[in-house]
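Dear colleague,

I am passing on the structure below, followed by a short account of what was found in it. Please read the account with the model open beside you.

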Amino acid sequence: MICKLVKYDIVIDLSACYNRKKVSVQIRRILSVMEILAFDIGGTNIKYGRASLGKIHLTEKGCVPSDADKGVDIMLQNVERIIQRQKFDALCFATAGMVDRDGTIFYANDNIPGYTGCRLKEIFEQKYSVPVCVINDIAAAAIAEKCGEDDYYFLSLGTGVGGIYVSNGALMTGSSFMAGQIGYLPSYGRQNEIDKTASVRALEKNAGINAAELFRLFRSGNESAKEKLKAWSREVVYVLSLIVGFINPPKIILGGGISVQGNCLLEVIGAEMRVMPIAYRNSFTLQTAKYFNDSGVIGALKFMTEQMK
């Protein structure tokens with residue numbers, strides 16, 4: 001007897017299966033060889049990788065400019081160029097912007113003009129006739145860090161600032177998927193949004209060089225680099241204070257590309273934490289993401305695995 005799993009377009013031969021357990025085993029074997037192509041779409045770059053379903057080891061990965069400032073159509077063309085070079089059985093996307101249950105971007109800021117309302121899931125399902133899932137990029141990165149029934153707040157510092165709370169291993173997304181979207185709140189001094197003051201883009205704009213070079217200069221003792229990082233760190237510490245005051249997590253994980261700076265990043269931020277009330281700064285531990293810049297891609301893969309269980 002032939003059984004077709006319509007949801008995933010998988011055909012299974014049940015003739016050799018004598019009970020449900022054996023059917024389940026056969027389904028798991030088929031799913032385990034599915035190749036998933038995962039994307040992390042941001043305001044600066046598109047990161048991607050391929051892996052078998054349920055695995056986090058990327059057999060192939062890369063990064064290209066997103067050209068997001070040129071608009072959603074140009075950005076999606078860049079995604080298409082990657083897809084056309086790959087073999088895959090399913091697609092998953094971690095993306096900037098607020099994502100609805102049907103895979104639509106129901107709000108995105110001006111980092112990607114025209115992205116609000118983009119029906120991302122529908123576009124790629126119709127074009128490639130494969131399973132597609134879409135998740136917010138910060139939520140995906142938080143999923144990548146998840147280990148059992150853990151409690152932590154994931155704070156991403158990149159083109160913008162975003163975050164999400166994980167409680168007992170579950171994402172706390174809120175009633176309309178806006179919980180943790182801290183980047184839209186007023187910044188320290190209330191002159192701007194947090195997105196425009198505590199992000200890596202803000203740091204690089206103020207410093208006039210990229211973050212990697214700025215940290216290199218900091219390590220060499222450059223005084224100007226120290227001052228630029230000190231001013232930026234105060235903005236980040238303000239964000240940490242908001243998180244502690246409203247959520248009080250036992251752990252805050254710093255993600256985004258800047259997390260690759262590791263202990264050096266923790267050092268420059270930690271030096272400014274003295275301005276926090278002592279009860280605040282003693283209430284949590286601060287660490288960097290373990291998957292660094294791959295967190296979004298790996299989280300998208302984990303999310304797809306959960307969706308196909």
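Strand S6 (residues 90–95) and S9 run parallel and are joined by 5 bridges, where two strands pair if DSSP finds at least two bridges between them, and helices (H or I, at least four residues) and strands (E, at least two) are DSSP runs numbered from the N terminus. This is a predicted model, in which local features need pLDDT of at least 70 and side-chain atom pairs count only at pLDDT 80 or more, while totals for chains, interfaces and linings use all residues. Residues are numbered from 1 along each chain as its sequence is written, and side-chain values use heavy atoms, with hydrogens and water left out.

Leu 91 has Val 132 of S9 as its bridge partner. Because 5 of the 5 residues of S9 (residues 132–136) are buried, this strand is largely enclosed by the rest of the structure; buried means under 20% relative accessible area (1.4 Å probe, protein chains only). Val 132, Val 134 and Asn 136 point one way from S9, and Cys 133 and Ile 135 the other way.

Turning to the helices, the axes of H7 (residues 223–246) and H8 (residues 262–270) come within 8 Å and cross at roughly 80 degrees, the axes being lines fitted to C-alpha atoms over the stretch in contact, with angles running from 0 to 180 degrees between N-to-C directions. H7 is therefore roughly perpendicular to H8, a term that covers 65 to 115 degrees.

Helices H4 (residues 137–145) and H10 (residues 295–307) pack at about 80 degrees, with their axes 7 Å apart.

Best regards

How values were computed: Parallel < 35°, antiparallel > 145°, perpendicular 65-115°, else oblique. Buried < 20%, exposed > 50% of the residue type's maximum accessible area, 1.4 Å probe, protein only.
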